[in-house]
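Please keep the sequence and the structure in view while reading.

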Amino acid sequence: MTTAAPSTALVMIQPVFTDAERLALAGYRGLTREAYALDLRQFSTWCRSRSLGLFAVRRADIESFARDLEVRGRARATVTQRLCTIAGFYRYAVEEELLEHSPAAHVRRPRVDYESHAVALDCNELGALLVAAGLGSATEHALVWLLALNGLRVSEATGANIEQLGLERGHRTLTITRKGGKVVTIPLVPRTARAIDLAAGERTDGPVFLAADGRRLDRRGAGRIVRKTARRAGIGKAVTPHTLRHAFITDQFGRRGTAAGRAGGRVTR
């Protein structure tokens, strides 16, 4: 009886993006670059399965990719997002003279229903959520109140550092980095500031929000905290960090929108 010897042959793995393609990706930064890279990685995988390079595709190939997404049940908004990412990628490649023309320039995109279908919280539900957060841990308390009363994006909240807390004209403030790298300073509700102090504890630097393993809390961990708090508050809806931002925006629109020459919050909702 002979025993087969294990093979020691090495398989060369092709990189997802070539050097030129990575250069085109350099047009994006931060979380936008990560999100767009994920979209392009999916498109690149589709192209490689058909022996196509990213810089060798035609308009018909991109439209075939879109049809495949639709066949797999992707929403029209998702398909449109993928196509916008692809179009932006090729547009930047043309600007940097990596391509002569963009194959995505005239790609047809699905019509998207722009009517908001986001889960909304009424005043009673939002109040119950804030109460439930206040009865939870310091991290839950601070995170939910910061998202709901300041309308932060989850990435802005989880990216906040203790060193960015300050005091301006008697108000506690927090300096955050918004999309596009814009740095802004926002005032904090006194109870939110107190909750953040409790979440930071004796620490004088580093992330405001820490996960159980001592690392910076990420967006997934923040989502779990919000969902757990919503369940404890008895809210049957699927509540996410964006739900709290949505509640903040619609509430502020209702309060100040009329003075700004806009429709009231009831019409907006």
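The points below are grouped by topic, from the overall fold to the confidence of the model.

The structure is a predicted model. The protein contains 11 helices and three strands, and along the sequence these elements follow the pattern α-α-α-α-α-α-α-β-β-β-α-α-α-α. Of its 269 residues, 38% are buried.

**Overall fold**

**The largest nonpolar core**

- The largest nonpolar core consists of 39 residues. Those with the most contacts inside this core are L143, L146, L174, L188, F209 and L244.
- At least two residues of this core come from each of α5 (123-134), α6 (138-150), α7 (154-158), β2 (171-177), β3 (183-187), α8 (190-200), α9 and α10 (241-256).
- Helix α6 gives the most to this core, namely seven residues.
- When neighbours within four places in sequence are set aside, F209 is in contact with T139, A142, L143, L146, A157, R215, R216 and L217.
- Another core lies apart from the largest one. This other core has 20 residues, including L40, V57, I62 and A104.

**T229 in helix α9**

- Helix α9 covers residues 219-232, and T229 lies within it.
- T229 counts as buried because its relative accessible area is 0%, and the cut-off for a buried residue is under 20%.
- Residues touched by T229, leaving out those up to four places away in sequence, are L129, A132, A133, E140 and V144.

**Helix α3**

- Helix α3 runs over residues 59-71 and has 13 residues. From its first C-alpha to its last it reaches 19 Å, close to the 18 Å expected at 1.5 Å a residue.
- The buried residues D61, I62, E63, F65, A66 and L69 belong to α3.

**Salt bridges**

- The salt bridges in the protein number 12.
- One of them joins the side chains of R82 and D39, with a distance of 2.9 Å from N to O. The pair links distant parts of the chain, 43 residues apart: R82 is in helix α4 (residues 76-95) and D39 is in helix α2 (residues 30-48). Both R82 and D39 are buried.
- D68 and R50 also form a salt bridge, and their closest N and O atoms are 3.1 Å apart. Because D68 lies in helix α3 and R50 in the loop between α2 and α3, this pair ties together parts 18 residues apart in sequence.
- Are D68 and R50 buried, exposed or partly exposed? D68 has a relative accessible area of 26%, so it counts as partly exposed. R50 is likewise partly exposed, because its relative accessible area is 39%. Residues between the limits of 20% and 50% fall into this class.
- R172 forms a salt bridge with D197, in which the closest N and O atoms are 2.9 Å apart. R172 lies in strand β2 and D197 in helix α8, so the pair ties together parts 25 residues apart in sequence.
- R172 is partly exposed, with a relative accessible area of 27%, and D197 is partly exposed at 27% relative accessibility.
- Salt bridges that share partners join R59, E63 and R108 into one network.

**Confidence of the model**

- The average pLDDT of the protein is 79, and 77% of the residues score at least 70.
- Which element of the protein has the highest mean pLDDT, and which the lowest? Helix α3 has the highest, at 92, whereas helix α11 (residues 265-268) has the lowest, at 40.
- Over residues 6-15, pLDDT stays under 50. For this stretch the model has two contacts beyond four places in sequence.
- Over residues 253-269, pLDDT also stays under 50. Here the model has 15 contacts beyond four places in sequence.

Note on methods. Residues are numbered from 1 along each chain as its sequence is written. This is a predicted model: local features need pLDDT of at least 70, side-chain atom pairs count only at pLDDT 80 or more; totals for chains, interfaces and linings use all residues. Side-chain values use heavy atoms; hydrogens and water are left out. Helices (H or I, at least four residues) and strands (E, at least two) are DSSP runs, numbered from the N terminus. Buried means under 20% relative accessible area, exposed over 50%, partly exposed in between (1.4 Å probe, protein chains only). Contact means heavy atoms within 4.5 Å. A nonpolar core is a set of buried Ala, Val, Leu, Ile, Met, Phe, Trp, Tyr and Cys residues joined through side-chain atoms within 4.5 Å. The expected span of a helix is 1.5 Å times one less than its number of residues. A salt bridge is a side-chain nitrogen of Lys or Arg within 4 Å of a carboxyl oxygen of Asp or Glu. pLDDT is the predictor's confidence in each residue, from 0 to 100.
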